[in-house]
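Reader: I have this one open and would like to go through it piece by piece. Please start with a single residue.

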Amino acid sequence: MKNITILGSTGSIGVSTLEIVAAHPDRFRVVALTAGKNLELFVRQIKRFAPRIAVVASHSDVPCLKELCSGLDVTILGGVEGLIAAATADEAEMVVAAIVGAAGLIPTAAAIRARKDIALANKEILVTAGHLFMDLVTEFGVRLFPVDSEHSAIFQSIEGHRSKDISKIILTASGGPFLNTPTEQLSTVTVRDALNHPNWNMGKKITIDSATMMNKGLEVIEARWLFNTGIEKIQVNIHPQSIIHSMVEYIDGCVIAQLGTPDMKAPIAYALAYPERIATGVKPLDLTAFSGLTFFNPDTAKFPCLELAYRAISSGESMPAVMNAANEIAVSQFLAGRIGFTQIAEIIERTMAAHAAHSLQSIEEVLKTDLWGRECAREICKEIGH
Ligand code: NAD
Ligand code: MG
């Protein structure tokens, strides 16, 4: 029996994780759950999975959640201290980091310091503070299992191989909903168009990141830290069918790839049960149903965010944190209808241009840099938004 905590249980990854837990009651027990808003779903999860601790991100939601859970044997907490209590709960062995954005930094760092293994979906953590997190993982001797489908594919493709034999990591990308949209039409696409992802059903922020291809930029940086690889060895291929989830090329010319029906339950289950494989309910792959799997290079002029991510990781420790902060603000402003789609990249680029990269020695410094990036991006949004 593995005891787990899920940070962000009401999100897309959180819900899929609980589906795996529900399918394997003999293997997994939920110790703590945390949520941002969506109290209605959260209460249903608390009743169904009976965690010892349940946490809402905002203190102001605690009284309401307490009332909704009256009579249940659960400790209700709120705020960052609550998230830390969930992340460090004594009996938890593994913490699923499934909060979206830099908000996951503090609880996930606390989980590592409490020597919990991590199943990592929250990629923004490695984007903003990759070197610090990888140092923490080493210092506290925990294991970090990728949940992101591309990184799970790479993880599965490098097992049993020497890292010095890897010549290239090839991340695949669906290309998102605007792959075939003419560049000149991108400035007028709507929020609804951008949320209409062809292959994956995900939270809103990552769905917009997929439409701008910033998601792939974040994943390049995530791969750089997870697999301790030089950025020049990480390539992106557009693969619209999302069947090959990523590949690793070796110095002898052999390429190992991982394939499957696109469903996050597969990489989540692998992270939870590693090294075992367990039933997920994911539809088996029938390659004969595909008339062709295609691959081509991304159009970086049409989708500048990917290049911005390569530029950020090459510019010094603080730049990816600034890029991520600007992206979080720009995406939320786009979702709120205050800026156009192509202004997302413009805001990120201008925020990065206003920042002189420096080193980051602690998570506190990362948070300061993150705040600076948010403020700067908000100012730019005010200037150009409507
Ligand atoms: P989501 O928006 O559906 O869910 C996010 C969860 O975090 C929710 O439970 C929400 O309530 C909580 N949350 C949001 N802001 C919070 C805050 N400030 N404090 C505390 N809790 C907060 O997002 P998602 O799609 O599940 O993605 C989660 C993470 O996993 C992201 O980093 C994303 O990039 C990554 N990821 C997601 C997918 C996917 O298929 N959804 C795939 C790969 C990676
Ligand atoms: Mg991914």
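Author: Arg115 is exposed, with a relative accessible area of 54%. Exposed means over 50%, buried means under 20%, and partly exposed is in between, with a 1.4 Å probe and protein chains only.

Reader: ok, and what sort of model is this?

Author: It is a predicted model, in which local features need pLDDT of at least 70 and side-chain atom pairs count only at pLDDT 80 or more, while totals for chains, interfaces and linings use all residues. Residues are numbered from 1 along each chain as its sequence is written, chains are lettered from A and ligands numbered from 1 in the order in which they are written, and side-chain values use heavy atoms, with hydrogens and water left out.

Reader: back to Arg115. where does it sit?

Author: In the loop between helix H5 (105-113) and strand S6. Helices (H or I, at least four residues) and strands (E, at least two) are DSSP runs, numbered from the N terminus. Arg115 has a positive phi of about 65°, although it is not a glycine. Most residues other than glycine have a negative phi.

Reader: which other residue has a positive phi although it is not a glycine?

Author: Asn228 is one, with a phi of about 45°. Asn228 is in the loop between helix H10 (214-226) and S9, and is exposed at a relative accessible area of 65%.

Reader: new topic, sheets. what is the strand order in the open sheet of seven?

Author: The order is S4-S3-S2-S1-S5-S6-S7, with parallel pairing. Two strands pair if DSSP finds at least two bridges between them. Strand S4 (75-78) and strand S7 (144-146) are at the edges, so one side of each has no neighbour in the sheet. From one strand to the next the twist averages 20°.

Reader: what packs on the sheet?

Author: Helix H1 (residues 12-23) does, touching strand S1 (2-7), strand S2 (28-35) and strand S5 (94-97). Contact means heavy atoms within 4.5 Å. The direction of H1 makes about 160° with that of S2. Axes are lines fitted to C-alpha atoms, for helices over the stretch in contact, and angles run from 0 to 180 degrees between N-to-C directions.

Reader: S1, buried or exposed?

Author: Five of its six residues are buried, so S1 is largely enclosed by the rest of the structure. S1 pairs with S2 in the parallel sense over six bridges, and Asn3 stands opposite Arg29 in S2.

Reader: and how many bridges join S6 to S7?

Author: Three, and the two strands run parallel. The bridge partner of Leu120 in S7 is Pro146.

Reader: what about the open sheet of four strands, what's the order there?

Author: S9-S8-S10-S11, with mixed pairing. Strand S9 (234-238) and S11 are the edge strands, each pairing on one side only. Strand S8 (residues 166-173) and S9 pair in the parallel sense over five bridges; in S9, Gln235 is the bridge partner of Ile170.

Reader: how many residues are in the largest nonpolar core?

Author: 129. Such a core is a set of buried Ala, Val, Leu, Ile, Met, Phe, Trp, Tyr and Cys residues joined through side-chain atoms within 4.5 Å. Those with the most contacts inside it include Leu65, Phe133 and Met323. Helix H6 (residues 124-140) gives the largest share of this core, 10 residues.

Reader: what does Phe133 touch?

Author: Not counting residues up to four places away in sequence, Phe133 touches Leu105, Thr108, Ala109, Ile112, Ile125, Leu126 and Ile363.

Reader: and Leu308, buried or exposed?

Author: Leu308 counts as buried, at 1% relative accessibility. Leu308 is in helix H12 (residues 304-315). Leaving aside neighbours within four places in sequence, Leu308 is in contact with Met323, Ala345, Ile348, Glu349 and Met352.

Reader: last bit. which residues of H11 are buried?

Author: Eight of its nine: H11 is mostly covered. The buried ones are Lys265, Pro267, Ile268, Ala269, Tyr270, Ala271, Leu272 and Ala273. A cis peptide bond, with omega about 5°, joins Tyr274 and Pro275, and Pro275 lies in the loop between H11 and H12.
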